Amino acid sequence: MTPFHLPFLGQDRDKLPDGVTRPTWVILDVTGSYPERQPSNPIQALFNREDTLEGLAARVEKLRHAAWLHGVLVRISEFTAAPATAHAIRQLLARLAQDKRVVAYLPQLTMTALLAASGAREIVAPESADVLVPGFAVQPTFLGAFLKRHGIEFENLRIREYKAALTRFSQDHMDEANREQLTAYLHGLEKAWVLDLAAARGVSEETARAWLTGDLTSARAAQEAGLITKVAYEDELVGPGTRPLAAVLDLLLPRRGNAKAGRVAVVSLVGSIVPGKSRHNPLPLPLLGGPLAGSDTVVAALKHAKKDDKTKAIVLYVNSGGGSALASDLIWREVATSEKPVVAVMGEYAASGGYYVLTHARHIVASPYTLTGSIGVVSGKPVLQEFNARHGLKPEPVGSERALMYSAARPFSDEERAHVEQGIAEVYDRFVNRVAEGRGMTPERVNEIGRGRIWSGLDALDLGLVDELGDLRTGIERACELAGLPYDAPVWNATPAKTGPLPEFVQQAARAAQVSVWPFGRERVLTWLDQEVNVR
C-alpha cells in the first residue's frame with residue numbers, strides 16, 4: 001500500500017530537497033461557491049472575485065499534463081457550492097486522479113464537501129473536523145400571513161397544482177402538492193449522493209446510506225465507517241517537495257486545443273429570464289436579485305455562435321429557474337432553428353423557463369443534482385387594497401378598467417381572472433407541445449410529468465426529460481461528437497457581437513444602473529420557479 005506521507009511543505013519553504021529541481025506535489029485550494037463560468041457581463045466580470053468552475057477545470061487540465069508532478073493535495077475548506085457544482089468538482093478531481101495521486105483534505109465533513117472530495121482516491125480529515133452528514137433538506141418561509149397582516153394579499157393563478165412559484169407570497173403554509181414534490185426531489189438528491197459516495201469509497205449502497213443515519217459525530221467515527229481514508233492533521237501529511245499552486249504557475253504549460261477542424265461555442269444563460277438585455281439586479285430581493293438573463297442578449301450570443309465560421313457546435317449552459325414566458329420562447333426559437341448542433345447542459349437549476357429554452361437541443365445533459373422540470377405557468381399580482389386603506393393612500397382610476405387589470409390597487413374581477421386563466425392555459429399548452437416535440441413524447445405524457453412539478457436530474461433521466469447525466473465537460477464532448485470534432489477542439493465563450501456606437505462595457509454599465517423591483521417588464525405570464533429551494 002502507498003505510504004500516506006506526502007512530500008509537502010517542510011521547514012524551509014523556499015528550498016527543494018537535494019536532487020529535486022521542481023516540486024513533486026502541488027496544493028490546490030477549493031473554497032467558495034464556484035459559479036460555472038466567468039460572467040459575460042463586463043461589469044460583473046470586473047467585480048467578480050469568485051473562482052469559477054471554468055478556471056478550476058483549466059488548472060486541473062494543466063496539472064494533469066505536468067510530467068514533473070506526482071500528486072495534488074486538494075484542500076476543501078469553507079465550501080459553499082450547491083450539490084450540482086460539488087458533483088462537477090468531483091468529476092474534475094476524478095479526471096485528475098487518473099493521472100496523478102490526489103488526496104483531499106477536509107476540515108469540514110459536509111454533504112457537499114464530501115461529494116466534491118469523492119473524486120479523490122484518498123480523503124483525510126483532522127481529528128477535530130466538523131462532521132455534518134445529515135442528508136439534504138429545505139426550509140422555505142411562507143409570507144402569506146405576514147403580508148396579509150400588513151394589508152397585502154397576493155393573487156396567485158397557476159397551472160397546475162405543483163407550480164409553487166408564488167405560493168410563498170399567497171399562502172401561509174406549504175400545500176401537500178409542494179411538500180410531495182420537494183420530498184421526492186430531496187430523495188433524488190440523497191439517492192445520487194449515496195450512489196456517488198458508494199462508488200468512490202468502494203462500499204455498497206446500503207453502507208453509504210447508513211452514513212446518513214449513522215449519527216457520525218467525529219472524524220474517527222467517519223474513518224471507522226469507511227467514509228474517509230485517514231485521520232490526520234495537515235502537518236502530519238507534509239514533506240519538503242510541495243508548493244502552492246500559485247508558486248508553480250510558470251511551470252504549467254498552456255493547453256492548446258486542436259483548432260484545425262473547428263471549435264465549440266459555449267453560451268451561458270444564468271439567472272431569471274427577462275425580456276431585453278441581460279443585467280444585474282443588485283437589490284437583495286427574494287427571487288428578483290442577482291443576475292438577469294435577457295432574451296436579447298442570449299439570442300444575440302446564440303446568433304454570434306451560429307454565424308461564426310469556425311464554430312461547428314454550440315453548448316447552451318443553463319442555470320436558471322426561468323422567468324418571462326415570452327423571453328423563454330424567443331430563446332427557444334433560436335435554439336430550435338439552429339443548423340449547428342446544440343447541446344444543453346443544466347447547472348444547479350434548469351427549470352420552468354430554464355427547461356423551456358432547451359427542449360429542442362440535440363442532446364441534454366443534467367447533473368444528478370440539478371433541479372429541473374417545473375413545466376407549468378403562473379401569473380398573479382400583489383393586492384394593496386387594504387394596505388392603501390390603512391395608510392390613507394387613494395388610487396383613483398380613470399379610463400379603461402381592463403387597462404388597469406394588473407394594478408395592485410384592487411383584486412382581479414371575475415372577468416379579468418378568467419381572462420388571465422385563459423392566457424396562462426394557452427402558454428401551458430404551448431409549453432407542453434414544445435416539450436413533446438423536442439423530447440419525442442405525447443402531450444398527454446408531458447402533462448402527466450409536468451403540472452409544474454420539479455424533478456432531480458437523476459429522476460429526469462428516467463422520465464426522458466434529459467439524455468445523460470454529466471457536467472459541462474460532458475456536454476462539450478457530446479458537442480464535439482455531433483460536429484465531428486476531436487475532444488481537444490478549442491472552446492470559446494460566445495457573447496453578443498459588438499454593435500452600436502458605444503463600447504459594450506459602457507452600454508452594459510448604463511443598463512446595470514436601471515434597477516427595477518419587477519424585472520419582467522410588462523410580462524405577467526411566467527414560466528418561473530421559486531428559486532428559494534436552497535438545499536442544505
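## Basis and overall composition

Helices (H or I, at least four residues) and strands (E, at least two) are DSSP runs, numbered from the N terminus. By that assignment the protein has 18 helices and 23 strands. This is a predicted model, in which local features need pLDDT of at least 70 and side-chain atom pairs count only at pLDDT 80 or more, while totals for chains, interfaces and linings use all residues. Residues are numbered from 1 along each chain as its sequence is written, and side-chain values use heavy atoms, with hydrogens and water left out.

Of the 536 residues in the protein, 53% are buried (under 20% relative accessible area; exposed is over 50%, partly exposed in between; 1.4 Å probe, protein chains only). The accessible surface comes to about 24000 Å², and carbon and sulfur atoms hold 51% of that area; the method is Shrake-Rupley with a 1.4 Å probe. Among contacts (heavy atoms within 4.5 Å) with a separation of 6 or more, 75% join residues 24 or more positions apart.

## Nonpolar cores

A nonpolar core is a set of buried Ala, Val, Leu, Ile, Met, Phe, Trp, Tyr and Cys residues joined through side-chain atoms within 4.5 Å. The largest one has 72 residues, and F79, W193 and I228 have the most contacts inside it. Helix α7 (residues 176–201) gives the most to this core, 9 residues. Beyond its neighbours within four places in sequence, W193 is in contact with M111, L114, L115, V133, F136, A208, W211, L212 and Y369.

Another core lies apart from the largest one and has 54 residues, including A301, A350, F431 and W492. In soluble globular proteins, nonpolar side chains tend to be buried together.

## Two helix pairs

Two packed helices are described by the angle between their axes and the distance between the axes. Axes here are lines fitted to C-alpha atoms, for helices over the stretch in contact, and angles run from 0 to 180 degrees between N-to-C directions. Helix α2 (residues 53–64) packs against helix α3 (residues 83–97) at about 10 degrees, with the axes 9 Å apart. Helix α2 is therefore roughly parallel to α3 (angles under 35 degrees; over 145 is roughly antiparallel, 65 to 115 roughly perpendicular and the rest oblique). L53, L56, A57, V60, E61, L63 and R64 of α2 meet T85, A88, I89, L92, R95 and L96 of α3. These residues divide into 9 nonpolar, 1 polar and 3 charged, where Ala, Val, Leu, Ile, Met, Phe, Trp, Tyr, Cys and Pro count as nonpolar, Asp, Glu, Lys and Arg as charged, and the others, Gly among them, as polar.

For helix α10 (residues 295–307) and helix α11 (residues 325–336), the axes come within 9 Å and cross at roughly 5 degrees, so α10 and α11 are roughly parallel to each other. The contact involves S295, V298, V299, L302, K303 and K306 of α10 and A327, L330, I331, E334 and V335 of α11. Its residues divide into 7 nonpolar, 1 polar and 3 charged.

## Backbone exceptions

Most residues other than glycine have a negative phi, and most peptide bonds are trans. The peptide bond from I159 to R160 is cis, with omega near -5 degrees; R160 is in the loop between β7 (153–159) and α6 (167–170).

E78, in strand β2 (residues 71–79), has a positive phi near 50 degrees and is exposed at 52% relative accessibility. S374, in the loop between β18 (371–373) and β19 (377–383), has a positive phi near 55 degrees and is buried at 1% relative accessibility.
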